[in-house]
Amino acid sequence: MTVTQTYRYLAASALGHGSLALQTSGGPAPNPRFFRGFLTTPQAAAVGLLAVAEVARTRYHRPVSPASLDPVVTGSRGRLRFESFSGCCGVYARLDALPTGLDGDVVEHGTTNVDVNNPLREALSRVAGLDPLHLSVGPDDLTVSTLDGAVVEKKVPLPTRWLRGFAEVQVLAARFEPRAEIPAAEAAAFLRRLPTATDRSVLWVVPAGRTLRLTSRPVPGSVCLAGASRLAALRPMLRFARTLRVYGPTVMANSAPLPSTWELDTGALRLSLTLSPEPYRGFSGEGAALTALADDDVVDDADLVSALLSWDPTVDVDRLASQAGIDADRVRGALAQLGTAGRVGYDVAEAAYFHRVMPYDAGRAERDNPRLVGARALLDAGAVEPDGTSATVRSGDHVYRVRQLADGGLTCTCPWWAKHRGQRGPCRHALATRMLLTDKVEVSA
């Protein structure tokens, strides 16, 4: 399923005479200008922008013709963030230009897409070490009213799951912890040992002194590396990096494949790739946000939290909870809801959310989650019969049994749960049961 979003650019993005002009669309005003100034590490910045753009054009699982999705840029108080998803939605890339990487002012706070076209890619690839790179994000002193004839319209079929990916990644990444940090030289040697061809293998990485060691099985303290060839976009940035940091959730000896984040830090820039748990899995289907989205109060909480968000580089959950008069868990649920509209992301390096705005309504949350729609339909039909902490669920001609585990999780006897074992969020039967048992829904009479 796709939705068509019309992007309007006043001109094509271009690089000339040391000045990089990235044309934008949307944001807090039509064609906003977010930043004007120099990048302090021009060649590294050019390589980082190319990496984000390349991920947006790539489908790592079953590669086909390149996708044509334009990266998203967010400006907020002294930093710029460029983000993209791969065409298969299994890799999330982000380049953060930090305050030390910018010599200029963020003149507008907001989020929009940027046009990174083929001529611009070619020009960026020619930026040399001593070449100054002046960045102007948005048109320079141009208005639509005077340039109607010059407006460029670009219709991009935008997969609905690309939008769901923003919600899923921020929920998953919020559970990550730093697991390893190694010098760039050791990182280069490690990446050279990885397969370069497309692969479906799931490996695990264990810190070993100043380097990383590969293993075929999960062990406590390790990080999952699914489809190692998907880290290829990091390689050109290695020569500028100081360190490679790896982030991931807690791993046990029997853990199933898990997502992970791999981040190169140059001091002025951070380039990160977040990988889905398996090469064929897109983030949009992970289901990590479903439990938070199931709360009937989450939409109201999201409206309240949205009004309190500022354009600070990071979002303080405890501060929002105090200002909104709700607890931190409800704030995180609200952030998950806002994430479905692209309004927040999560920065693992700073262990904090950040604010962005994309031109999509938060009402897409339920429409874009079939399991949530299915769970509400089961409840409305009176198909869930609770029995203490368990329930019997009638779905069509089938009857399933949902049981609560000691850790509070739910199991189900349906084929979907048997296949995924809870690794891709709850099935609709378990979700409906949780909603009923925790009074997260008003069941129709």
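Q: What does the side chain of Arg79 make a polar contact with?
A: The side chain of Arg79 makes a polar contact with the side chain of Glu350, at 2.7 Å. A polar contact is a pair of N or O atoms within 3.5 Å; within protein, one must be able to donate a hydrogen and the other to accept it, and residues adjacent in sequence count only if both atoms are side-chain atoms. This is a predicted model, in which local features need pLDDT of at least 70 and side-chain atom pairs count only at pLDDT 80 or more, while totals for chains, interfaces and linings use all residues. Residues are numbered from 1 along each chain as its sequence is written, and side-chain values use heavy atoms, with hydrogens and water left out.

Q: Where does Arg79 lie, and is Arg79 buried or exposed?
A: Arg79 lies in the loop between strand 6 (72–75) and strand 7 (80–85). Its relative accessibility is 10%, so Arg79 counts as buried. Buried means under 20% relative accessible area, exposed over 50%, and partly exposed in between (1.4 Å probe, protein chains only). Helices (H or I, at least four residues) and strands (E, at least two) are DSSP runs, numbered from the N terminus.

Q: Turning to helix 7, which residues are buried?
A: In helix 7 (residues 317–324), the buried residues are Val317, Leu320, Ala321 and Ala324. They cover an arc of only 100° around the axis, which puts them on the same side of helix 7; the arc is that of the directions from the helix axis to the C-beta atoms.

Q: And which exposed residues does the face turned away from the buried side carry?
A: That face of helix 7 carries Asp318 and Ser322.

Q: What do the buried residues of helix 7 pack against?
A: They pack against helix 6, helix 8 and strand 21 (352–355). Contact means heavy atoms within 4.5 Å.

Q: Which residue caps the N-terminal end of helix 7, and what follows helix 7?
A: Asp316 is the cap, with a side-chain oxygen 3.1 Å from the backbone nitrogen of Asp318. Gly325 follows helix 7, and its phi is positive, near 75°.

Q: At what angle do helix 6 and helix 8 pack?
A: Helix 6 (residues 298–308) and helix 8 (residues 328–339) pack at about 85°, with their axes 8 Å apart. Axes are lines fitted to C-alpha atoms, for helices over the stretch in contact, and angles run from 0 to 180 degrees between N-to-C directions. The two helices are therefore roughly perpendicular to each other (65 to 115 degrees).

Terms used
Parallel < 35°, antiparallel > 145°, perpendicular 65-115°, else oblique.
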